[in-house]
Amino acid sequence: MGRHGGNARGPGEAGAAAVREGSAGRARLAVLALLGSILVPLVAAGLRSVLWALVGIAGLALAAVGVWWTLAHTGGLRALGAALSVAAPVAVLALFATFGMLGPALVSLALWVLALTAARTALAPGHTASEQAVAEAPRAPWVLMNPRSGGGKVGRFGLVEKARAADCRVVLLDAGQDVAELARQAATEGADLLAVAGGDGTQALVAEVAALHDLPFVVIPAGTRNHFALDLGLDRDDPAAALEALTHGVELRIDLGYAADRVFVNNASFGTYASVVTDPAYREAKARTTLRTLPGLLTGEGAPRLRTRADRTYVDGLQALLVSNNPYGRAVDAAHPGRRERLDTGLLGVVCVRVGNTAQAARMVRGPRSGGLVRLSAGVVVVEADTDTLPVGIDGEHVVLPSPVRCRSAPGALRVRVPRHRPGTPRASGAVADWPRVTRLALGRLFPGREQHATSSV
């Protein structure tokens, strides 16, 4: 044994120590930034900073009321709501600027955002979906391409020619064709990999066939939004780069979601949004159609009222409900808003919206404690209403399903093949800022006896 052999660490232990040190460093940054966000206004205004905080909260509450009136009403009240949603925050900013508090308020807000981001990343699990090296390229890859998707991305990026150059059999989707049947036929005829260049709805249908036949699946982001590709870390600005998965790829095992017997790779939406997309005018005039139909859906006599049971949690009186294939990050996540950091947790994410009047809209500034926005994770989610059927938006496509609708996760059902190097691979972070855990982690090095306990809980 060498001179310092008693303190030697193997590669695995050294790597784990580096991860612990990085987490502790981010935890210390989070605590310091949080203290700074409190001290800056106190130094600038003393105890009057409490009054300024109340002014800011009141401005946010009035803005929330304005947004509610804009969405839920028509005529003069809608116009007043639109004006209030703009005037309230502008008036607050003007007051802050007049009394010399705008600078301290902005610095305090920036420190708070930094604290929240550092706290969540300090508690990160440290990995996303596990990757497995691909031993050999597919011998008979099959690619379905929708030439109309994404405003013609298939033609604009030359995807047909590039896929054929990679020895892929390319099928162009015609209007009215059965996507799932085309994929099943390809699997029956010997395809050993299925791929789709199109939107998320088409991706989901072929992904289900790939999962049933245990075939690898490749996502080519040629749709309009490509949320699935985003969460896989793919380059949505260069759809052809996804073809590198055929020769220089790795394989991920990820989950699929089901609403009744309908598969989804992203989410299934119930309530207001699902009802809005049923309007034939929605495709051509999304904003105008939404503003026209929302008042009746939010406050009219026929407004949908949903109930849901997520595992053992029951929530009722809902206007809208989103069930996602793995939970989304928080809407105010400064790092990756609206993204799923993992696709292999075996859980569904649930976001419930319960805002039925002006008072509930104002209380939204309290965040999760307001009850207006409820976030859950569950293996099984049952959605029902006082109707025999429910309109559902599944990966952006409108369907009608018998009520109640049972949603479930199929853990590890899909083999997704992706390029080894992806520009947008999400960095894992904790779902919430657990400040007691963050504080213990930050104090670990200052009080060595606590270090083991603090880091082992991450």
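Glu251 and Arg415 are both buried, and they pair up in a salt bridge whose closest N and O atoms sit 2.8 Å apart. This is a predicted model, so read every contact below as a feature of that prediction. Across the whole structure, a search turns up 12 salt bridges. Here's a quick tour of some of them, plus a helix pair and a nonpolar patch.

**The buried pair and its network**

**Asp386 and Arg307**

- Asp386 makes a salt bridge to Arg307, and here the closest N and O atoms are 3.0 Å apart.
- This one is another link between distant parts of the chain, the partners being 79 residues apart.
- Asp386 lies in the loop between β14 (380-384) and β15 (389-394), whereas Arg307 is in strand β9 (residues 306-310).
- Asp386 counts as exposed because its relative accessibility is 68%, and the cut-off for that label is over 50%.

**Arg342 and Asp344**

- Arg342 and Asp344 also meet through their side chains, in a salt bridge with an N to O distance of 3.0 Å.
- Arg342 has 21% relative accessibility, so it counts as partly exposed.
- Asp344 gets the partly exposed label too, at 22% relative accessibility.
- Buried would need a value under 20%.

**Helices α2 and α3**

- Helix α2 (residues 48-72) packs with helix α3 (residues 75-98) at an angle of about 160°, and their axes are 6 Å apart.
- That angle is why α2 is roughly antiparallel to α3; the label applies to angles over 145 degrees.
- As for handedness, α2 and α3 cross in a left-handed way.

- Leu32, Leu35, Ile38, Leu39, Leu42 and Val43 make up a nonpolar surface patch of about 600 Å².
- One of these residues, Leu32, is found in helix α1 (residues 11-45).
- Leu32 counts as exposed because its relative accessibility is 61%.

Methods:
Residues are numbered from 1 along each chain as its sequence is written. This is a predicted model: local features need pLDDT of at least 70, side-chain atom pairs count only at pLDDT 80 or more; totals for chains, interfaces and linings use all residues. Side-chain values use heavy atoms; hydrogens and water are left out. Patches are made of residues with over 30% relative accessible area and no salt bridge: like charges are joined within 9 Å, nonpolar side chains (Val, Leu, Ile, Met, Phe, Trp, Tyr) within 5 Å. Accessible areas come from the Shrake-Rupley method with a 1.4 Å probe; for residues, only the protein chains shown count as cover. A salt bridge is a side-chain nitrogen of Lys or Arg within 4 Å of a carboxyl oxygen of Asp or Glu. Helices (H or I, at least four residues) and strands (E, at least two) are DSSP runs, numbered from the N terminus. Buried means under 20% relative accessible area, exposed over 50%, partly exposed in between (1.4 Å probe, protein chains only). Axes are lines fitted to C-alpha atoms, for helices over the stretch in contact, and angles run from 0 to 180 degrees between N-to-C directions. Angles under 35 degrees count as roughly parallel, over 145 as roughly antiparallel, 65 to 115 as roughly perpendicular and the rest as oblique. A crossing is left-handed if the near helix is turned anticlockwise from the far one by less than a right angle, and right-handed if clockwise.
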